[in-house]
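Here is a walk through one chain, from its overall fold to a single pair of side chains. Please have the sequence and the model open while reading.

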Amino acid sequence: MSKLNSGTVTITLDGEKVVLKPTPRAAMAISTHFEGLQGAVPRIASHDIAAAAFVIAAGAGIRGEAAKGLNDKVYSAGISDLAAPLVEFIVILMNGGKRPDDMPSTEDVEEDEGNGEA
């Protein structure tokens with residue numbers, strides 16, 4: 001997966017691939033709706049269909065009339081199958097659009113050695 005789309009998550013709704021893109025707009029919409037990004041996680045984990053539909057709409061940029069049928073599509077796809085990728089998407093948003101495994105590890109960061117004396 002390229003760095004350009006390494007933060008995207010793809011799900012399937014009604015037989016169609018839907019790409020969730022980690023954008024500032026999606027992060028702000030979800031954060032505002034759930035009183036913080038972390039607030040969305042327990043709602044998705046408890047298989048809240050309306051919460052899942054909101055996250056999908058925000059991540060895929062679905063608005064207006066197109067968003068009206070999302071609850072039914074989430075139900076048909078099976079919320080238990082969607083919960084893990086949706087939580088993954090929220091975690092990516094929490095990391096500024098990057099997957100946690102794309103973040104530099106502490107082993108990758110060089111530390112200054114010595115006692116602090118010049």
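The chain contains five helices and two strands; these are DSSP runs, with helices (H or I) of at least four residues and strands (E) of at least two, numbered from the N terminus. Along the sequence their order is β-β-α-α-α-α-α. The model is predicted: local features need pLDDT of at least 70, side-chain atom pairs count only at pLDDT 80 or more, and totals for chains, interfaces and linings use all residues. Residues are numbered from 1 along each chain as its sequence is written, and side-chain values use heavy atoms, with hydrogens and water left out.

Of the 118 residues in the chain, 33% are buried, meaning under 20% relative accessible area, while exposed means over 50% and partly exposed in between (1.4 Å probe, protein chains only). Among contacts (heavy atoms within 4.5 Å) with a separation of 6 or more, 64% are between residues 24 or more positions apart.

A search of the whole structure finds one aromatic pair. Phenylalanine 34 and phenylalanine 54 have ring centres 5.8 Å apart and planes at 85°, so they form an edge-to-face pair. Rings of Phe, Tyr and Trp (its six-membered ring) pair if their centres lie within 6.5 Å; planes under 30 degrees apart count as stacked, over 60 as edge-to-face and the rest as tilted. Phenylalanine 34 sits in the loop between α1 (24-33) and α2 (37-45), and phenylalanine 54 belongs to helix α3 (residues 49-60). The pair thus links distant parts of the chain, 20 residues apart. Phenylalanine 34 is buried because its relative accessibility is 6%, whereas phenylalanine 54, at 27%, is partly exposed.
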